[in-house]
Amino acid sequence: MPDTMPDHGLITVSELSKFYHGRGLSGHGKPLRAVDRVSFSIQEGETLGLVGESGCGKSTLGRVILHLIPASGGSVLYRGKDLLSLSKKDLRAMRRRIQIVFQDPYASLNPRMTVEEIVTAPLAVFKMGNRTQRREAALRILEEVGLSSHHLERFPHEFSGGQRQRIGIARALALNPEFVVFDEPLSALDVSVRAQVLNLLRSLRNRRKLTSLFISHDLSVVKHISDRIAVMYLGKLLEIAGKNELYENPLHPYTRGLIGAIPIPDTGRQRKGAELPGDVPDARHIPPGCRFHTRCCIAGKDCASAEPELRQIRPGHWVACGHIP
């Protein structure tokens, strides 16, 4: 792990990478570097927000951390144990403590199972309690997420998107995990219910003292639930800081561009900030040097030759840019 990054926490990610190797027409396709040597830690009880444009590797990073996708390199320490090196048996036991809420509540719930079966399935897998006890546990969790007993026998197609996501949250919490990855849990929901689900997540985090990674492309959402925020671009972290510090004093041009793109409420106008010209490059053809230099407003000639590492500019504020003093 780089010297500038903390090496302790409930979750400690060190030099984590995920490359996809495909073959082009020539038989020598370049690897897609979805996650490229990422390092950070999440303290117990903390929520780290992870933001970036679509295709930057956020969801892949979340799934590699949980070992839902095999890593290409690096380590993920959970209370000192490397999740990526555990045997299948030990990893299965560890899954009681680490869970995920998926982005799409329509795709992540089995349409042939009732709500009771969905929420109690994790309990049944780990042989926790009898059927009556599992049903009682499901009812308690459903009430905690804003549903009730008359929802137990219904099927997913009988619910709205917001209700389905509440069911997905209830399933993730059934085993009382310590660490949860929320993979864009609001993006598939109607605008009218996003605030309700966001308030629910904030309440659950505080009540259960959850440690979590909250993935989103919406900086305005992340600000309301995160303690710190990490900004990701083309598989790399470009900036990490406390949420207030990041919003009040963003240092990286990419972060300033993301914040500048947030509309001002009631006006539809955007905030003042650096614009983000062009599109995200293909992850199979990442620009040399600083991978953001092709879209950067302050890039110099040296930016195309040397890739900057995250360094601490002030206490708790890291940035990967050679032009930040």
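Predicted model: local features only at pLDDT ≥ 70, side-chain atom pairs only at ≥ 80, totals over all residues.
Local features need pLDDT of at least 70, side-chain atom pairs count only at pLDDT 80 or more, and totals for chains, interfaces and linings use all residues. Residues are numbered from 1 along each chain as its sequence is written, and side-chain values use heavy atoms, with hydrogens and water left out.

Start with the sheet. Four strands form an open sheet in the order β2-β1-β4-β5, with antiparallel pairing. Strands are DSSP runs of E, at least two residues long, and helices are runs of H or I, at least four; both are numbered from the N terminus. Two strands pair if DSSP finds at least two bridges between them. β2 (32–42) and β5 (81–82) stand at the edges with a single partner strand each, so one side of each has no neighbour in the sheet. β4 (residues 73–78) pairs with β5 in the antiparallel sense over 2 bridges. Here Tyr 78 stands opposite Lys 81 in β5.

Turn to the largest pocket. Its volume is about 350 Å³. A pocket is an open set of points on a 1 Å grid over the protein atoms alone, where a 1.4 Å probe fits, with protein on both sides within 12 Å along at least five of seven lines. Lining residues have an atom within 4 Å of a point. The volume is the space filled by probe spheres set on the points, which are joined across faces, edges and corners. The lining holds 20 residues; Gln 99, Ile 100, Phe 102, Pro 122 and Arg 171 lie nearest the centre. β6 (98–101), α3 (115–125) and α5 (161–173) each supply at least two lining residues. The largest share, 4 residues, comes from α3.

Now the aromatic rings. Rings of Phe, Tyr and Trp (its six-membered ring) pair if their centres lie within 6.5 Å; planes under 30 degrees apart are stacked, over 60 edge-to-face, and the rest tilted. The count comes to 4 aromatic pairs. Phe 182 and Phe 214 form a tilted pair, 6.2 Å centre to centre with 40 degrees between the planes. Phe 182 lies in β7 (residues 179–183) and Phe 214 in β8 (residues 211–215), so the pair ties together parts 32 residues apart in sequence. Elsewhere, Tyr 233, Tyr 254 and Phe 292 form one aromatic cluster.
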